[in-house]
Amino acid sequence: MWGGAAQSPILRSSVGTLRLDYAQFIELEAFTRFGGLPDTHVRQQLARGACIRAILRQGPHAPLDLLQEVALVTASQNGLLDGVPAKNIRTIQSGLGDYLRSNASEISTAIESGGVLSAEQKERFVACLRQYVEPPASAAS
């Protein structure tokens, strides 16, 4: 099997434009090394790309399980990690699987079994990810 064909169907459906986004990031990163200060939009793209790189990087002998992979890719694709510094991705990743198994058990089971999520399940999954990633409003003050 090659590339996407080796992926679980649920992961393949979650990836969306990840490859394109990452390729654009690499190009922008190389371009901005030689240029001046990028504008706000380019800085946002660079931050998102650094986040994608952090998601794709796995420690030696510590592969992510399918639920974590799908969750991180889905969070990235939905812009939930845009405000998160790349250095904090490992912190988010560490408790993510357990959080989802306890707060979205039906969806977690569907993902771990390789099933495809319905539109309603995807919405609930993204909402659950948003709750995990974004701090409560009371903690921000």
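The legends below describe several close-up views of one predicted model.

In this predicted model, local features need pLDDT of at least 70 and side-chain atom pairs count only at pLDDT 80 or more, whereas totals for chains, interfaces and linings use all residues. Residues are numbered from 1 along each chain as its sequence is written, and side-chain values use heavy atoms, with hydrogens and water left out.

**View 1. The chain as a whole is built from helices.** The chain holds 8 helices and 0 strands, where helices (H or I, at least four residues) and strands (E, at least two) are DSSP runs numbered from the N terminus. Of its 141 residues, 35% count as buried, a term that means under 20% relative accessible area, with exposed meaning over 50% and partly exposed lying in between (1.4 Å probe, protein chains only). Among the contacts with a separation of 6 or more, 72% come from residues 24 or more positions apart, a contact being heavy atoms within 4.5 Å.

**View 2. The largest nonpolar core has 33 residues.** A nonpolar core is a set of buried Ala, Val, Leu, Ile, Met, Phe, Trp, Tyr and Cys residues joined through side-chain atoms within 4.5 Å. The members that touch the most other members are Leu81, Ile89, Leu100, Ile111, Leu117, Phe125 and Leu129. At least two residues of this core come from each of helices H1 (9-15), H3 (40-56), H4 (66-77), H5 (89-103), H6 (105-112) and H7 (119-133), and H4 gives the most, with 6 residues. Leaving aside neighbours within four places in sequence, Leu81 is in contact with Cys51, Ile55, Leu72, Ala75, Ser76, Ile89, Ile92 and Val133.

**View 3. Asp21 is buried yet has no salt bridge.** Asp21 is found in helix H2, which spans residues 18-34. The nearest side chain of opposite charge, Arg48, is 4.3 Å away; here Lys and Arg count as positive and Asp and Glu as negative, while His and the chain ends are not counted. A salt bridge is a side-chain nitrogen of Lys or Arg within 4 Å of a carboxyl oxygen of Asp or Glu. Leaving aside neighbours within four places in sequence, Asp21 is in contact with Arg48, Ile52 and Gln77.

**View 4. Arg48 and Asp82 meet in a salt bridge, with 2.9 Å from N to O.** This pair links distant parts of the chain, since Arg48 lies in helix H3 and Asp82 in the loop between H4 and H5, 34 residues apart. Arg48 is partly exposed, with a relative accessible area of 23%, and Asp82 is also partly exposed, at 40%.

**View 5. Helices H5 and H6 pack at an angle of about 120°, with their axes 5 Å apart.** That angle makes H5 oblique to H6, on a scale where angles under 35 degrees count as roughly parallel, over 145 as roughly antiparallel, 65 to 115 as roughly perpendicular and the rest as oblique. Axes are lines fitted to C-alpha atoms, for helices over the stretch in contact, and angles run from 0 to 180 degrees between N-to-C directions. Leu100, Arg101 and Asn103 in H5 meet Ser105, Ser108 and Glu112 in H6.

**View 6. Arg101 forms a salt bridge with Asp98, the closest N and O atoms being 3.9 Å apart.** The two residues are 3 residues apart in helix H5 and are therefore separated by about one helical turn. Arg101 counts as partly exposed at 31% relative accessibility, whereas Asp98 is exposed, with a relative accessible area of 56%.
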